[in-house]
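This briefing goes through a protein model by topic, from the overall fold to individual residues. Please keep the sequence and the structure in view while reading.

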Amino acid sequence: MLDLSRLRALHAVSVHGSVSAAALALGYTPSAISQSITKLERETRTTLLERRGRGVMLTDAAVELAETARELLAMVERAETDLEERRGQPAGRIVVGAFASAARGLLPGALARLTREHPALDTRLVEVDPHLSVGLVAQGALDVAVWHDWDIVPHPTPERLERAKIGDDLCDVLVPEGHPLAGRERLERSDLVGLRWIGNPPGTVCHDWLVRTLRALGSEPDLAYQAAENHTQVALVAAGLGVAVMPRLGRGPLPEGVVDVPLEPAPVRRLFAYWRTGASRRPAIRETLRVLREQWPQRAV
């Protein structure tokens with residue numbers, strides 16, 4: 001008899017690519033995940049993980065077993081959804097994935113409210129890059145993903161997933177105090193041409209927005225400083241090294257030496273929640289969506 005918790009551990013390693021990442025997603029220690037896989041290897045009399053440098057790789061047998069685990073976990077989710085819907089009260093575990101500024105600026109209040117209003121609900125949070133989170137929902141590793149796109153870089157909804165809009169996150173231009181643009185009441189997009197930029201690395205939605213916007217104006221952006229973390233970008237602006245376009249969510253108070261100037265039309269980062277279509281009947285999903293949307297007006301300033 002195969003143990004479902006051990007199959008869940010194998011599935012998590014398959015989805016997240018490493019023992020440590022699987023442990024983070026499931027809320028266990030890497031040692032606990034490794035022990036689960038070892039016990040599963042004994043039960044199946046099969047080698048499931050092979051060492052590759054500092055990491056591990058799933059064997060062919062493990063890949064097949066992980067796919068079976070995915071199907072079993074989907075069946076368990078359907079059963080749990082039926083039971084939870086019959087009870088009519090949110091219960092069980094719900095794992096939310098969110099990008100950094102949403103994890104900092106929106107999720108703490110929303111998860112605290114869910115925990116307070118529904119004691120039988122076990123809320124979990126995983127900070128994850130936006131370009132990964134929707135796929136993790138589809139694979140069953142996350143129950144809900146808080147995701148974002150920009151007004152000029154829309155993202156379609158994948159099959160077997162649904163989404164609901166949470167809100168619009170407006171963006172400002174951050175400039176060093178004393179910069180020629182610092183005294184302006186507002187900026188137009190043409191004012192962005194010829195500036196030295198601080199921004200996100202390639203492959204991110206924020207980076208794509210900046211590149212597309214400036215290229216539409218006939219200018220190639222001079223992205224001199226690349227940093228994934230918003231606070232690092234703010235520090236670089238404060239040091240007088242360049243300017244940045246930054247959403248308001250999770251930004252926090254600006255330090256001395258940094259001025260925010262509105263841009264018109266304002267860049268809009270749209271926040272969505274994604275979940276699996278099969279889980280739509282689950283009260284925990286419905287409550288999570290409701291709280292996220294109701295919490296948004298308190299954070300979008």
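Is Gly252 buried, partly exposed or exposed? With a relative accessible area of 43%, Gly252 is partly exposed, where buried stands for under 20% relative accessible area, exposed for over 50% and partly exposed for what lies in between, with a 1.4 Å probe and protein chains only.

This is a predicted model, in which local features need pLDDT of at least 70 and side-chain atom pairs count only at pLDDT 80 or more, while totals for chains, interfaces and linings use all residues. Residues are numbered from 1 along each chain as its sequence is written, and side-chain values use heavy atoms, with hydrogens and water left out.

**Overall picture**

- The secondary structure comes to ten helices and twelve strands, taken as DSSP runs numbered from the N terminus, with helices (H or I) of at least four residues and strands (E) of at least two.
- Along its principal axes, the C-alpha trace of the protein spans about 70 × 50 × 35 Å, and buried residues account for 47% of the 301 residues.
- Of the contacts (heavy atoms within 4.5 Å) between residues at least 6 apart in sequence, 76% join residues at least 24 apart.

- Two packed helices are described by the angle between their axes and the distance between the axes; the axes are lines fitted to C-alpha atoms, for helices over the stretch in contact, and the angles run from 0 to 180 degrees between N-to-C directions.
- The axes of helix H1 (residues 4–16) and helix H3 (residues 30–44) come within 9 Å and cross at roughly 115°, which makes H1 roughly perpendicular to H3, on a scale where angles under 35 degrees count as roughly parallel, over 145 as roughly antiparallel, 65 to 115 as roughly perpendicular and the rest as oblique.
- H1 passes H3 in a left-handed crossing, a term for a near helix turned anticlockwise from the far one by less than a right angle, with clockwise giving a right-handed crossing.
- On the H1 side this contact is made by Arg6, Leu7, Ala9, Leu10 and Val13, and on the H3 side by Ile33, Ser36, Ile37, Lys39, Leu40 and Glu43.
- The residues of the contact of H1 with H3 divide into seven nonpolar, one polar and three charged, with Ala, Val, Leu, Ile, Met, Phe, Trp, Tyr, Cys and Pro counted as nonpolar, Asp, Glu, Lys and Arg as charged, and the others, Gly among them, as polar.
- H1 also packs with helix H2 (residues 19–26), the axes coming within 8 Å and crossing at roughly 115°, and the crossing of H1 and H2 is right-handed.
- Here Arg8, Ala9, Ala12, Val13 and His16 of H1 meet Val19, Ala21, Ala22, Ala25 and Leu26 of H2, a set made up of eight nonpolar residues, one polar and one charged.
- H2 and H3 pack at an angle of about 110° with their axes 8 Å apart, and are therefore roughly perpendicular to each other.
- Between H2 and H3, Val19, Ser20, Ala23 and Leu26 meet Pro30, Ile33 and Ser34, which gives five nonpolar, two polar and no charged residues.

- Helix H8 (residues 205–216) has twelve residues and reaches 16 Å from its first C-alpha to its last, close to the expected 16 Å, the expected span being 1.5 Å times one less than the number of residues.
- Buried in H8 are Val205, Cys206, His207, Trp209, Leu210, Val211, Thr213 and Leu214, and their cover includes strands E5 (144–150), E8 (196–199), E9 (222–226), E10 (244–247) and E11 (258–264).
- After H8 comes Gly218, with a positive phi near 80°.
- The end C-alpha atoms of helix H10 (residues 283–295) are 18 Å apart, in agreement with the 18 Å that its 13 residues should span.
- The buried residues of H10 are Pro283, Ala284, Ile285, Glu287, Thr288, Leu289, Val291, Leu292 and Gln295.

**Individual residues**

- Gly252 lies in the loop between E10 and E11, and its C-alpha atom is separated by 8.8 Å from that of His231, 21 residues apart along the chain.
- Ser101 lies in helix H5 (residues 100–105) and counts as buried at 4% relative accessibility; leaving aside residues up to four places away in sequence, Ser101 touches Leu106, Asn230, Leu249, Gly250 and Arg269.
- Arg45, in the loop between H3 and strand E1 (49–52), has a phi near 55°, a positive value in a residue other than glycine, and is exposed, with a relative accessible area of 77%.
- Glu264 and Pro265 are joined by a cis peptide bond with omega about -5°, and Pro265 lies in the loop between E11 and strand E12 (268–276).
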